[in-house]
Amino acid sequence: MTTATPTTPPPGGGTPPQRGGDSLLAVQEISKAFGDNLAVDRVSLTIERGALVGLIGSNGAGKTTLVNLVSGLFRVDRGRLSFEGRDITHLSVNERIRAGIARSFQLVNLFDHLSVLDNVVLTVFAREGKTRRMLSPAESDVAVHDEAHEVLRQFGLDAKAATLAIELSQGERKLLDIAVACALRPRLLFLDEPTSGVRTREKAPIMDIVTSIVRSGHFTAVIIEHDMDVVFRYSDRIVAMHQGRILADGTPDEIRANDEVTTTLLGEHVHQ
Amino acid sequence: MSAVISVAPRSMMAAWQLWACAAVIAVLAVLPWIIDPFQTLQISYGLIFAVAALGFNLLLGYTGLLSFGHAAFFGTGAYAAALLLKFLGVKSMELYIVGGVGASLLLGVIMGAVCVRYTRIFFSILALALSQVLWSLALKFFWVSGGTDGLRVPTPTLLGGLVEAAADKTAFLAHQYYYYVLVVSLAAVAIMWLMVRSPFGVALQAIRDNEVRAEFVGVRVRRYRFIAFVASAGFTGLAGTLWVPLNGLTTPDILYWPFSGKIVFMAVLGGFRTFLGPIVGAFVYNYLETFAVGYTIYWQLLLGVILVVLVLAMPAGLVGTAIQLFKHSRNPAR
């Protein structure tokens, strides 16, 4: 597996973390089938601590299924998942979150009729195990609200704190989706198509904010993205999938130079 | 206007809201001295149904679960009091409440363990089916439940025997018992208010909005649905316990599915998308039913037409519509 540092520093501020053997997530020979369709086929992958990994592939390549398997939405048919050396293969979603794995969703997944602030407040309450409190008003917990405002400030959403999530623009909803995941303070964060459905001019600002926060928060992040400009610009390592298997794994420069990836996934794009 | 209960923007109760609450409580406190006993009893019924509807709405409005089985909890609260009297000779209202709420919570645990595994129509039908089991038990085990004759519950003693039942039952119910119901109902409303605004309440609303995401921020969805179900059962059971001395009799009718439908209707009529909606809906429904019964033998038809028109004209319910109109008057552009 390639672990070289990219030749150019990725945008978004902060310093790209050094990798090299400090494995955070180890995926070992996992498979998942839906009926006769083998969505993920004996995939093995290691994510090093501090990496910002781009996961690419055409529709149906198995990217989202892979994330669903690691995050616990689906159970693996076979194989093993370990996180920070701990076997998480059979842990529930909740247990994986407590272990430090969080995710955002391809289709924005928010609490639409809660305010922007409450989307984050709830997440902080859940992270702190405070949602069991039944008889104290939520607003009385100043520390949680301060933290939620700080998260929203980082994502440029604080001015919309009182707005219902459903009333945000698509770009803002994407940001909030990611903000909610970040509020869990995960050690591994999966971002499933953070710029899909977003206007072109909104993509770079979203990714700048995301990468800046990922780097400053010392998260390890895996970004699934169809927009190759975004992937190649922001990732310091790229994993390419095709038909449920890993086609290639390397730095952006290595992926650009990979003929198989070029033929199968990228077409003319990389030559631009 | 939001489609569902929203806590945005959530803040401490405003001063005007506190004053409004104080004014309503003051009016309720003086009413027995102004209006005739029959009207006072209607207010007692309204308060009791409000507690039942609030309990129900913890599931529908806040957790997104439509229960067609809440008659089971209301009936359990009522029958628990009646059975305490029949088999143990208990006449204390406080013991009735302990027994009624306790039995309802226990039933909530049993039904909840089954029902919250499912959502949507499956949840609704399961709750309905289980409540029908209880109804059939009350109907068939007549040596325990009195069958269709039901069980009589005379006026109880209040406050641990400090207030004895008076010879004039109507006067007792319209004064001493009215104030008892008022205080207990207000306490129940206050507890529910705190509950829905607590972190737990926010978690329930998150589950209602998006259970997958709720799971992915670390909310234990099924566990919280279960707790909400049991709490909802407790509130509705409390209402049943308060209701039975007022009615003087409990029969299997209050365990039957149409009674579950009444509770649903109270919440929908007032507006299940607001905290106040079920309270207002309970009062309005009670008055509609009372006066429809007195007006015509075809009262169900009259009531049905009125309710259909109200729901069609005001899908957000009475309170929801009032809020919409208020917001529109302040900002006609929206």
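1. Strand β3 (residues 52-57) of chain A is mostly covered, with 6 of its 6 residues buried. Here a residue counts as buried if 20 or more other C-beta atoms lie within 10 Å of its own, as exposed if 12 or fewer do, and as partly exposed in between, the C-beta atoms being placed from the backbone. Helices (H or I, at least four residues) and strands (E, at least two) are DSSP runs, numbered from the N terminus.

2. The model is predicted: local features need pLDDT of at least 70 and side-chain atom pairs count only at pLDDT 80 or more, whereas totals for chains, interfaces and linings use all residues. Residues are numbered from 1 along each chain as its sequence is written, while chains are lettered from A and ligands numbered from 1 in the order in which they are written.

3. In a regular strand the side chains alternate between the two faces of the sheet. For β3(A), Leu52(A), Gly54(A) and Ile56(A) lie on one side and Val53(A), Leu55(A) and Gly57(A) on the other; all are buried.

4. Which strands pair with β3(A)? Strand β8 (residues 220-224) of chain A pairs with β3(A) in the parallel sense over 4 bridges, and Gly54(A) stands opposite Ile223(A). Strand β9 (residues 237-242) of chain A also runs parallel to β3(A), joined by 5 bridges; there Val53(A) faces Arg237(A). Pairing requires that DSSP find at least two bridges between two strands.

5. These strands belong to an open, mixed sheet of 6 strands in the order β6-β7-β8-β3-β9-β10 of chain A. β6 (101-103) and β10 (245-250) of chain A are at the edges, each with a single partner strand, so one side of each has no neighbour in the sheet. From one strand to the next the twist averages 20 degrees. Helix α1 (residues 63-71) of chain A packs on this sheet, touching β3, β6, β7 (188-192), β8 and β9 of chain A, and its direction makes about 145 degrees with that of β7(A). Axes are lines fitted to C-alpha atoms, for helices over the stretch in contact, and angles run from 0 to 180 degrees between N-to-C directions.

6. The mean pLDDT (the predictor's confidence in each residue, from 0 to 100) of chain A is 83, and 89% of its residues reach 70 or more. Where pLDDT is low, the predicted coordinates should not be read in detail.

7. The contact between the chains takes 33 residues from chain A and 30 residues from chain B, two residues being in contact if their C-beta atoms, placed from the backbone, lie within 7 Å. On the chain B side, α8 (176-197), α9 (199-209) and α10 (211-216) each supply at least two residues; the largest share, 7 residues, comes from α9(B).

8. Within chain B, the axes of helix α4 (residues 93-115) and helix α5 (residues 120-140) come within 10 Å and cross at roughly 145 degrees. Met111(B), Val114(B) and Cys115(B) in α4(B) meet Phe123(B), Leu126(B), Ala127(B) and Leu130(B) in α5(B).

9. Ile227(B) is placed in helix α11 (residues 221-247) of chain B. Ile227(B) is buried, because 21 other C-beta atoms lie within 10 Å.
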